[in-house]
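User: I'm new to this one. Could you walk me through how to read its features?

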Amino acid sequence: MKYRIALMPGDGIGPEIIEQGVKVINKVSELHNFEVEWVRYDNGADRYLKTGELITEDTLKEIKKTCKAIYLGALGDPRVKPGILEKGILLKTRFYFDQYVNLRPIKLLDGVECPLKNKTPKDINFEVVRENTEDFYVGIGNRAKIGNSKQELEVIRSLYSVKFGLDIDTQGSEIAYQIGVLSKKGSRRVIEYAFERARKNKKTKVTAVDKANVLDSVYSFWRETVDEVAKKYPGIEYDFNYVDAITMWFVKNPEWFQMVVAPNMFGDIITDLGAMIQGGLGLAPGGNINPDGISMFEPIHGSAPKYRGLNVANPLATIWAGSLMLSELKMQKSADLMLNAVQEVIRDGKVKTKDMGGSSKCSDMGTAIAKKCEELHQNK
Ligand code: IPM
Ligand code: MN
């Protein structure tokens, strides 16, 4: 079997970490007799600065036609204003392929130092399913100067019957607003994904995140949808956590969680915290998944521009994201081999990158994982 995969190394440390992911996947493909053809796309800061191009409709179409998945390094560069590459490439791709699930495992591997006192791998082992196409990410927002834009002022007036701190009566004063939108279909499909995945993986509880006590229009809608979906899963217990409270519980009682489902922005925030409790951003992978389409896999950390080219970054999050990719491509055995190799190399404790308190290079880590895959394969 041959898989064509779009490879987007991106910016900063992106190229060096993705190279390690490719190294490991190539090794696994050799061991398990499948073939990967990597199709490189150089979208990112350099290309943008040279040509003004972020990612074109044509490129996306080509990927859709010819590739089975996308493997992404990282995006972001200090020479480009924040938001341009992130919105113009990363979010654009997530939206184009309707990758409505952002799957982020929060799993403390054995041998990883956990910043939480007395917590062990059996306490930190859950998944966050983050909605990935709606909420505050829909891009509806603007600034308005009162007096200049009558129309916008009317919109704001119609939205707010109470004023509180909003100074919208003084001529010349400024406001800014951003609107979060949830749709029934958009909420239901991701909540169903979380329950279905919980059922498949024999988890008995789903926790839904929101802020229904304040942002009540959108998040009471979210809660109702969770209630509706949960009815189809009588064997799965579920509860609701406010987003502020769940940050506290992630730290105090992470063992309470099995499957967490969250709207886009809260999911973004809590998974950075999740990354920390599983040992840091160097170990946190993510998958942007469209279960019926083309999915994209990436480490959840950024491009760390100051480490670019130094060969010191930790490639484990990217390698783990590669494992998620193989799992989504229905190669579970290969996915397991990759993650087991990550676990074993960490347990051995001989190869550690800078963030893990060692001095191994990024490329040493990739080589060690590839070698471990071979060993585990032979000894099975
Ligand atoms: C993430 C990132 C992105 C997000 C940014 C870079 C647009 O923080 O993948 O978590 O907010 O989704
Ligand atoms: Mn984020």
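Analyst: Let's start with polar contacts: a polar contact is a pair of N or O atoms within 3.5 Å; within protein, one must be able to donate a hydrogen and the other to accept it, and residues adjacent in sequence count only if both atoms are side-chain atoms. Here, a side-chain N or O atom of R104 sits 2.9 Å from an oxygen atom of ligand 1. R94 has a polar side-chain atom 2.7 Å from a ligand 1 oxygen, and for the side chain of Y137 the distance to an oxygen of ligand 1 is 2.6 Å. The protein buries 76% of the 310 Å² that ligand 1 exposes when taken alone (areas by the Shrake-Rupley method, 1.4 Å probe; for residues, only the protein chains shown count as cover).

Before we go on: this is a predicted model, where local features need pLDDT of at least 70, side-chain atom pairs count only at pLDDT 80 or more, and totals for chains, interfaces and linings use all residues. Residues are numbered from 1 along each chain as its sequence is written, chains are lettered from A and ligands numbered from 1 in the order written, and side-chain values use heavy atoms, without hydrogens and water.

User: Which residues surround ligand 1?

Analyst: A residue is near a molecule if one of its heavy atoms lies within 4 Å of it. Around ligand 1 you'll find E86, L90, R94, R104, R130, Y137 and D268. Helix α4 (residues 84-96) gives the largest share, three residues. Helices (H or I, at least four residues) and strands (E, at least two) are DSSP runs, numbered from the N terminus.

User: Is T225 buried or exposed?

Analyst: Buried means under 20% relative accessible area, exposed over 50%, partly exposed in between (1.4 Å probe, protein chains only). T225 counts as buried because its relative accessibility is 0%. You'll find T225 in helix α7 (residues 216-230), and its side chain reaches the backbone oxygen of F221 at 2.7 Å.

User: What does the side chain of N290 reach?

Analyst: The side chain of N290 reaches the backbone oxygen of F97 at 2.9 Å. A polar atom of that N290 side chain also lies 3.4 Å from the backbone oxygen of D98. N290 is in the loop between β11 (285-289) and β12 (295-299), and with a relative accessible area of 11%, N290 is buried.

User: Where is I140 found?

Analyst: I140 belongs to strand β6 (residues 135-145). I140 counts as partly exposed because its relative accessibility is 39%.
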